[in-house]
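Open the model in your viewer and keep the selection tool at hand. Each stop below says what to select and what is there.

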Amino acid sequence: MSSLAHQLCGLRSSPLSSTPISTRKRFSPVVSAAASPTPISNAQTKERLKLKQLFKEAYERCCITPMDGVSFTLEDFHASLANYDFVSEIGTKVKGTVFSTDANGALVDTSAKGTAYLPTQEACIFNIRHVEEAGIYPGLEEEFVIIGGQEQEDEGSLILSLRSVQYGLAWERCRQLQAEDFVIKGKVVDGNKGGVVVLVEGLKGFVPFSQISAKSTAEELLNKELLLKFVEVDEKLSRLVLSNSKAIASSQSELRIGSVVTGIVQILKPYGAFIDIGGVNGLLHVSQISQNHISDIAAVLQPGDMLKVMILSYDRDRGRISLSTKKLEPSPGDMLHNPKLVFEKADEMAQTFRQRIAQAEAMARAELLEFQPELLLAEFIDERVILAIYDGHPSQ
């Protein structure tokens, strides 16, 4: 206890100041000059009151006459909105952007309330299995035609078509081709007793049997391509009539004896092969295939083979064309052993053949001129030859 008392006695506080409280220096708070209120001038007070009055008047005008002083009225706004409102009537053309495709079609953004849907069967004028076959991918911007509505909101509220747009363009293309008298190719897709149905520019047209040059049945022509010219193009009546005979006549007008053309073997017969030379069938007789004897034509040619042939003769009245590869052989038997060489040398050999023909004709004309000059001049020599013969001899 004595040690604890000793420790406690040592804890003494410092003595209080002996200075009287009344004589101590009092604390005086320092007031900052910035905290002192700045007096407001009369001019500022008037400006604030003026602004307050302006705001009050503007507020009252907004409440009473909100469109006062505005040139664009509410009626004008509704009229403009009607002009830019989305029209969803069937037959209307709209622009849209493809943003998704699936196995059945494509979703299109047309800026309407909902997305629109393009079915696969409406994506192209031709038959396709997927829209990508028609070049339709996300990001494609195109003009579509509205052909219907759809209740399923998840698939779109409108049904669109590109086929309808292409359909109109195809008719326009056919009218243009008819006006320019072009020869086109069409694939036979069907037939009946009166003729065959062909596919041209994505449209189905009709070719009467009376307008087909070759005597063939619809079954024989099915899936084959024909040279055609337009006879009638009527979009309103959906009539598209074509002629194979006119196209053949136009193509045959360019055929010349001695010219080399490329053809495809169509049919093999014991006596020769029928060759398609641009829609015109010519006969390559077995005796005109090679200078060497051929016992089996199938050992040399097969249907589908592509080869170069020379036009040996052309009967326009009967529509018969005789062809030859024998005249194109650099050496006898090349068509049997090296047909590639024959085709490479075809133009060169044909030129040699034409020169020989020209020499033979010149010799024949010379003989006719010697023995029957009147007949030659009348039937075989044109005006330029006559002028050359009689030049400088006006008395004759």
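Two strands count as paired if DSSP finds at least two bridges between them. Helices (H or I, at least four residues) and strands (E, at least two) are DSSP runs, numbered from the N terminus. This is a predicted model, in which local features need pLDDT of at least 70 and side-chain atom pairs count only at pLDDT 80 or more, while totals for chains, interfaces and linings use all residues. Residues are numbered from 1 along each chain as its sequence is written, and side-chain values use heavy atoms, with hydrogens and water left out.

**Stop 1: the whole chain**

Show the chain as a cartoon. There are 11 helices and 15 strands in it. Now switch to a surface: the accessible area of the chain is about 27,600 Å², by the Shrake-Rupley method with a 1.4 Å probe, where for residues only the protein chains shown count as cover. Carbon and sulfur atoms account for 53% of that area. Of the 396 residues in the chain, 27% are buried. Buried means under 20% relative accessible area, exposed means over 50%, and partly exposed lies in between (1.4 Å probe, protein chains only).

**Stop 2**

In what order do the five strands close into a barrel here? The order is 1-2-3-5-4, and the pairing is mixed. From one strand to the next, the twist averages 55°. Axes are lines fitted to C-alpha atoms, for helices over the stretch in contact, and angles run from 0 to 180 degrees between N-to-C directions.

Select residues 105–109 and 116–119. These are strand 2 and strand 3, which run antiparallel and are joined by four bridges. Within this pair, Val108 faces Ala116 of strand 3.

Next select residues 163–179, which form helix 4. This helix lies across strand 4 (141–149) and strand 5 (158–161), at about 110° to strand 4.

**Stop 3**

Strands of a sheet pair through backbone hydrogen bonds, either parallel or antiparallel. Five strands close into a barrel in the order 11-12-13-15-14, with mixed pairing. Neighbouring strands of this sheet are turned by 50° against each other on average, direction ignored.

Follow the pairs one by one:

- Strand 11 and strand 12 are antiparallel over five bridges. A hairpin links them through two residues, and Lys269 has Gly272 of strand 12 as its bridge partner.
- Strand 11 and strand 14 are also antiparallel, over five bridges. Ile264 faces Met306 of strand 14, and Thr262 has Lys308 of strand 14 as its bridge partner.
- Strand 14 and strand 15 are antiparallel over five bridges. Ile311 is opposite Leu323 of strand 15.
- Strand 13 (residues 281–285) and strand 15 (residues 320–324) are parallel, over two bridges. Leu284 is opposite Leu323 of strand 15.

**Stop 4**

Select Leu307, which is found in strand 14. Is Leu307 buried or exposed? Leu307 is buried, because its relative accessible area is 3%.

**Stop 5: the cores**

A nonpolar core is a set of buried Ala, Val, Leu, Ile, Met, Phe, Trp, Tyr and Cys residues joined through side-chain atoms within 4.5 Å. The largest one has 29 residues, and Ile275, Ile277, Ile321 and Leu323 have the most contacts inside it. Helix 6 (244–252), strand 11 (260–269), strand 12 (272–276), strand 14 (306–315), strand 15 and helix 9 (346–371) each supply at least two residues of this core. Strand 14 gives the most, with five residues. At least three residues come from each of domain 2 (181–250) and domain 3 (254–353), with bounds taken from an automatic or database domain assignment.

Select Ile321. Leaving aside neighbours within four places in sequence, Ile321 is in contact with residues including Leu255, Ile277, Val280 and Tyr314. Apart from this core lies another, of 21 residues, among them Val200, Leu221, Val233 and Leu240.

Terms used: Contact means heavy atoms within 4.5 Å.
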